[in-house]
Amino acid sequence: MTETNRVFTLAQRPTGKPDDETFELIEETTPTPGDGEVLLRTLYLSVDPYMRGRMSAAESYAEPWAVGEPLRGGVVAEVVESNSDELAAGDIVTGELQWAEYAVADPAELRQIDPKQAPISTALGVLGMTGITAYFGTREVAEPEEGETFVVTGAGGAVGSVAGQIAKIDGARVVGFAGSDEKVEFIEDELGFDVGINYKETDDYEAALAEAAPDGVDAYFDNVGGPITDAVFTQLNVHARVAVCGQISLYNATEQPVGPRKLPTLITKRARVEGFLVSDFQPRWGEAIEQLAGWLDDGSLQYRETVTEGLENAPDAFLGLFEGANLGKQLVKVGEPERRE
Ligand SMILES: NC(=O)c1ccc[n+]([C@@H]2O[C@H](COP(=O)([O-])OP(=O)(O)OC[C@H]3O[C@@H](n4cnc5c(N)ncnc54)[C@H](OP(=O)(O)O)[C@@H]3O)[C@@H](O)[C@H]2O)c1
């Protein structure tokens with residue numbers, strides 16, 4: 001352990017797209033754990049699109065970050081020093097912690113993870129918040145049934161890649177929108193989606209979707225919003241369900257675009273559009289993790305991670321989410337565990 005801790009803070013609130021000026025890497029003294037607390041060394045840090053919202057002062061479901069204060073997010077860490085009976089040095093935990101090399105925490109804020117169950121990084125992806133989002137958004141909101149057509153945007157990303165696989169497990173025909181040929185190949189060949197559409201290679205989303213989903217759309221898992229969602233709305237079937245998970249295409253917008261209004265479709269198709277937050281399902285997260293881990297074990301669920309090395313590169317990893325730089329879950333590797341079995 002070193003005396004110095006490096007921590008990212010919010011240097012200033014971005015207007016539009018964040019850039020390097022948004023972040024500041026500062027050095028402070030490594031904190032000392034108090035009674036009942038543990039000192040943690042960060043191994044992996046999660047960067048997520050919702051963090052864009054926390055950089056703005058506007059009220060949202062996640063509290064805005066304060067300028068000059070540390071950024072926070074999902075972390076997998078190793079306990080290096082413990083003043084608690086609940087955790088010992090060498091234990092691996094996950095929790096909502098600072099973008100930093102070291103942090104002090106109360107074990108009540110942490111969940112211990114079993115490194116034998118799956119690689120520890122998965123606690124931030126397929127067996128963590130993004131996998132759980134995919135699970136509940138698909139099973140409880142979009143509700144694809146055997147033989148139905150399920151469409152997912154952001155299909156090569158952390159949530160979308162898992163959501164599409166769950167819909168396949170549930171017997172649906174699955175169509176994914178993704179932003180590169182590599183992602184289309186990944187979702188079709190490795191994940192078993194029926195059709196992938198590279199939306200950057202077509203300017204007629206409606207025509208591309210009509211070809212990929214000739215029977216219309218019964219369930220739509222939306223991660224992206226904007227013109228792709230407008231196109232999907234034109235092809236909803238009667239009693240379709242739309243799970244609004246994310247709208248990443250709008251997160252950096254300085255003005256909300258006014259597009260063609262698609263609401264008349266919802267009347268004629270008696271469709272349901274429902275936004276949801278993964279936190280709504282917090283009491284049932286254990287159920288989701290158990291099911292996702294079971295599918296990983298029996299091979300019916302695949303996952304991919306894009307790992308950026310070094311805490312100092314966390315801003316680039318975050319900014320890359322808005323450029324489609326990640327395949328699967330975007331993580332930052334900050335350190336190696338000191339203690340190995
Ligand atoms: N409701 C909830 O509780 C909840 C929880 C977690 C995540 N979310 C939301 O779910 C969505 C996916 O999150 P994630 O963590 O899985 O991220 P992700 O999909 O792994 O990464 C973001 C992806 O979005 C795509 N993208 C970026 N800008 C775009 C644009 N303008 N138009 C179309 N696609 C664009 C990029 O892929 P391409 O190469 O395909 O462009 C990028 O790789 C986000 O909107 C996030 O906010 C919601």
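Student: By class, how many nonpolar, polar and charged residues are in the shell around the ligand?

Tutor: To read a shell, you first need the classes: Ala, Val, Leu, Ile, Met, Phe, Trp, Tyr, Cys and Pro count as nonpolar, Asp, Glu, Lys and Arg as charged, and the others, Gly among them, as polar. Here the shell has 15 nonpolar, eleven polar and one charged residues. Before we go on, a word on the source: this is a predicted model, where local features need pLDDT of at least 70 and side-chain atom pairs count only at pLDDT 80 or more, while totals for chains, interfaces and linings use all residues. Residues are numbered from 1 along each chain as its sequence is written, and side-chain values use heavy atoms, with hydrogens and water left out.

Student: Which of the residues around the ligand come nearest?

Tutor: A residue is near a molecule or strand if one of its heavy atoms lies within 4 Å of it. There are 27 residues around this ligand, and Val159, Lys183, Tyr199, Val278 and Asn326 come nearest.

Student: And what lies 2.4 Å from an oxygen atom of the ligand?

Tutor: That's a polar side-chain atom of Tyr199.

Student: How much of the ligand does the protein bury?

Tutor: Accessible areas come from the Shrake-Rupley method with a 1.4 Å probe; for residues, only the protein chains shown count as cover. Taken alone, this ligand exposes 910 Å², and the protein buries 92% of that.

Student: Which elements give two or more residues to the shell around the ligand?

Tutor: Helices (H or I, at least four residues) and strands (E, at least two) are DSSP runs, numbered from the N terminus. In this model, helix 2 (129–142) and helix 3 (158–169) each give two or more. Helix 2 has the largest share, three residues.

Student: Why does the ligand lie between domain 1 and domain 2?

Tutor: Domain bounds come from an automatic or database domain assignment. Domain 1 (4–124 + 304–333) and domain 2 (129–279) both give residues to the shell, so the ligand lies between them.

Student: Back to helix 2: how many of its residues are buried?

Tutor: Buried means under 20% relative accessible area, exposed over 50%, and partly exposed in between (1.4 Å probe, protein chains only). Eleven of the 14 residues in helix 2 are buried, among them Ile132, Tyr135, Phe136 and Val141. For the chain, buried residues make up 52% of the 341 residues.

Student: What is the phi of Glu143, the residue that follows helix 2?

Tutor: Most residues other than glycine have a negative phi, and most peptide bonds are trans. Glu143 has a positive phi, near 50°. His239 is another with a positive value, near 65°; this residue sits in strand 12 (residues 236–244) and counts as partly exposed because its relative accessibility is 48%. Then there's Arg270, at about 45°, in the loop between helix 7 (263–268) and strand 13 (272–275). Arg270 is partly exposed too, with a relative accessible area of 49%.

Student: Where is Asp91 found?

Tutor: Look in the loop between strand 4 (72–82) and strand 5. At 18% relative accessibility, Asp91 counts as buried, and a polar atom of its side chain lies 2.8 Å from the backbone nitrogen of Ala88. In strand 4 you'll find Val79, which is buried at 1%. Strand 5 (residues 92–98) holds Thr94, buried at 9%.

Student: What is the radius of gyration of the chain?

Tutor: This radius is taken over C-alpha atoms, and the globule rule is 2.2 Å times the number of residues to the power 0.38. With 341 residues, a compact globule would come out near 20 Å; the chain has 21 Å, which agrees. The C-alpha trace spans about 60 × 45 × 35 Å along its principal axes. Overall, the chain has nine helices and 15 strands.

How values were computed. Polar contact = N/O pair within 3.5 Å; in protein donor to acceptor, adjacent residues only side chain to side chain.
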